[in-house]
Amino acid sequence: MAAFTVVGAGLAGCEAAWQIAQSGNKVTLVEMKPQQYSPAHKNENFAELVCSNSLKASRIDSAAGLLKEEMARLGSLTVPVARGCAVPAGGALAVDRNIFSSAVTEKVKNHPNITIENRVYDAIAPDDNEILIIATGPLTDGKLSDEIRSLCGDYLSFYDAAAPIVTADSVDMSRAFGASRYDRGGDDDYINCPFSKAEYEDFINELINAQGAVVHDFDVYEGCMPIEKLAKRGIDAPRFGPMKPVGLIDPNTGHRPWACVQLRRENSRGTMFNLVGFQTNLKFGEQKRVFSMIPGLENAEFVRYGVMHRNSFLNSPMVLNGDFSMRSNPNIFFAGQITGVEGYMESAASGIMAGKNAVLRSLGRDTVVPDEHTMIGALAHYICDDSVGNFQPMGANFGILPPIEPKIRDKRERYMALAKRSLSILDNMVI
């Protein structure tokens with residue numbers, strides 16, 4: 001009988017261990033916390049959300065919503081937990097991150113087939129009958145990073161940034177207002193801080209001239225672009241990005257603002273909000289100074305400033321198969337952001353497939369790569385596509401799915417058709 005080891009108790013590692021355990025097999029989950037913490041992790045719980053508390057859109061005619069529905073139908077651990085501790089966030093699934101990670105931790109620790117080992121794993125030397133899943137995340141460093149580099153060859157690296165969090169009662173609601181874009185969700189899901197043209201231009205000027213915490217210019221992944229770096233691309237870049245005012249009307253003026261910063265609930269009680277899209281690498285003092293220029297945040301209390309940290313991922317098309325196993329050693333799997341899937345749920349989804357395929361491998365059966373018409377399958381096909389010349393992280397999006405023919409012109413109808421096709425295919429698959 002094969003021995004299963006999963007390294008790393010993030011979302012991907014927890015999902016992988018859960019899938020193995022649910023199949024009736026014993027599995028050892030190795031987690032370095034609390035003995036050692038990465039620069040981004042703060043508590044002992046598993047599945048810790050270190051950046052945003054949003055798991056993106058809920059509706060199935062969105063790429064993120066479709067992915068979560070596919071995961072749920074495949075027996076996901078994290079999706080039902082997330083749905084059970086959701087906080088209001090319009091059309092998105094956002095969670096109270098402490099409740100979420102605590103609930104995942106409790107379920108994993110209480111599973112009779114999962115044994116937890118709290119130690120630093122720094123030598124990749126699986127036994128002949130061992131199937132290993134490495135899900136140590138994009139912050140993998142030290143000896144284990146050297147081991148992976150020796151095993152897999154070149155890493156590709158980028159830098160990731162997290163947004164600040166403010167207390168709800170420190171926001172000046174005489175200037176800000178509660179609303180969701182296009183009236184999707186409740187008025188208390190988001191707090192909106194509207195800018196006039198003059199206020200916006202003054203803010204951008206201070207933002208691009210503020211002092212960063214790191215002097216050299218990092219190669220930042222597009223999906224986690226620090227707001228100050230985005231602003232340096234052009235004065236209107238933030239206004240057409242995270243500060244876009246589309247779908248919002250300022251009740252104080254009756255008009256759409258020139259630009260707007262949205263604050264999203266950080267916890268279930270609504271006592272903390274994070275600045276949506278405001279990942280940053282500015283020094284803490286500069287964050288306080290510049291972000292206090294945001295209308296409504298003049299006297300904001302910052303309970304966490306934005307931080308930036310290193311992330312690494314494999315050149316997966318050269319290293320991994322579509323079942324997330326290594327091409328050079330099929331008994332070693334990788335899962336999570338280290339594979340080049342980008343996002344919380346994308347990482348968890350890769351853990352589901354790595355766990356299921358590890359079990360199939362132990363039985364001597366063919367492993368499974370879901371059909372590319374499903375979102376999980378499209379991501380799996382992307383990370384093993386050796387025709388990709390400059391491999392970069394990829395999150396769930398409808399662009400990676402084969403198109404519907406004949407083409408449906410209405411985007412909402414097209415996305416719903418893609419989602420229905422995906423779920424129909426998934427329901428008829430044997431995984």
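A residue counts as buried when its relative accessible area is under 20%, as exposed when over 50%, and as partly exposed in between, using a 1.4 Å probe and protein chains only. Helices (H or I, at least four residues) and strands (E, at least two) are DSSP runs numbered from the N terminus. This is a predicted model, in which local features need pLDDT of at least 70, side-chain atom pairs count only at pLDDT 80 or more, and totals for chains, interfaces and linings use all residues. Residues are numbered from 1 along each chain as its sequence is written, and side-chain values use heavy atoms, leaving out hydrogens and water.

Let us start with helix α1 (residues 11–22), where 11 of 12 residues are buried; among them are Leu 11, Cys 14, Glu 15 and Trp 18. Gly 24 follows α1 with a positive phi near 100 degrees.

**The open sheet**

Next comes an open sheet of 5 strands with parallel pairing, ordered β6-β2-β1-β7-β16; strands pair if DSSP finds at least two bridges between them. Because β6 (114–118) and β16 (332–334) each have a single partner strand, one side of each lacks a neighbour in the sheet.

Strand β7 (residues 130–134) runs parallel to β16, joined by 3 bridges. Within this pair, Leu 132 has Ile 332 of β16 as its bridge partner.

**Helix α10**

Helix α10 (residues 344–362) has 17 of its 19 residues buried, so the rest of the structure largely encloses it. Just after α10 sits Gly 364, with a positive phi of about 75 degrees.
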